[in-house]
Amino acid sequence: MLAEQLLRLTRRLHRIQSRQLGPIGITPAQFRLLRTVASYDAAPRMADLAQRLDVVPRAVTTLVDALEASGRVRRAPDPDSRRVVRIEITDEGRATLRSLRNARRAAAEEILAPLTVGQREVLGELLSALVDGMPERHC
């Protein structure tokens, strides 16, 4: 029963997030990639992104293509290797991230609205225990 409830909540959160991301013109997967690119100190390689996101490199290529077409990231040559391509976030990408973070907060607020502050704190502690207790996946 608990697993079913978690799955239903995940699907609901995904629907709400997709609804809020739609007007911004970005998918949840593109948002995740954009957020990941922004988390690096230096522009990552495509392989770095695939490993961090735990996806095949082809999936990263498709996401980067879409984000590049919208001006949110750009491909840049690696200064040390002609064969390596780095992915840089653009000013448009940073502005999109700010909008997306606001949309995520609104989606979370919609999901958490029925809970009191105390219940939210307990839920946060429980979720942290579950996430922190998960073993790392290695492919």
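A pocket here is an open set of points on a 1 Å grid over the protein atoms alone, with protein on both sides within 12 Å along at least five of seven lines, and its lining residues have an atom within 4 Å of a point. The model is predicted, so local features need pLDDT of at least 70 and side-chain atom pairs count only at pLDDT 80 or more, while totals for chains, interfaces and linings use all residues. Residues are numbered from 1 along each chain as its sequence is written, and side-chain values use heavy atoms, with hydrogens and water left out.

**View 1. The second largest pocket and its lining.** Let's start with the residues that line the second largest pocket: Leu 2, Gln 5, Leu 6, Leu 9, Gln 119, Val 122, Leu 123, Leu 126, Leu 127 and Leu 130. Two or more of the lining residues come from each of α1 and α6 (117–132); helices are DSSP runs of H or I with at least four residues, strands are E runs of at least two, and both are numbered from the N terminus. Helix α6 gives the most, with six residues. By class, the lining has eight nonpolar, two polar and no charged residues. Here Ala, Val, Leu, Ile, Met, Phe, Trp, Tyr, Cys and Pro count as nonpolar, Asp, Glu, Lys and Arg as charged, and the others, Gly among them, as polar.

View 2. Look along residues 91–112 for the buried set of α5: Gly 93, Thr 96, Leu 97, Leu 100, Ala 103, Ala 107 and Ile 111. Buried means under 20% relative accessible area, exposed over 50% and partly exposed in between, with a 1.4 Å probe and protein chains only.

**View 3. Helix α3 and what follows.** In α3 (residues 46–53), Met 46, Asp 48, Leu 49, Ala 50 and Leu 53 are buried. Their cover includes α2, α4 (57–69), β1 (73–77) and β2. Just after α3, Asp 54 takes a positive phi of about 60°.

**View 4. Thr 36 and its contacts.** Thr 36 lies in helix α2 and is buried, with a relative accessible area of 8%. Leaving aside residues up to four places away in sequence, Thr 36 touches Leu 49, Arg 52 and Leu 53, where contact means heavy atoms within 4.5 Å.

Key
1 Å grid on protein atoms, 1.4 Å probe; cavity = no way out; pocket = protein on both sides within 12 Å on 5 of 7 lines; lining within 4 Å.
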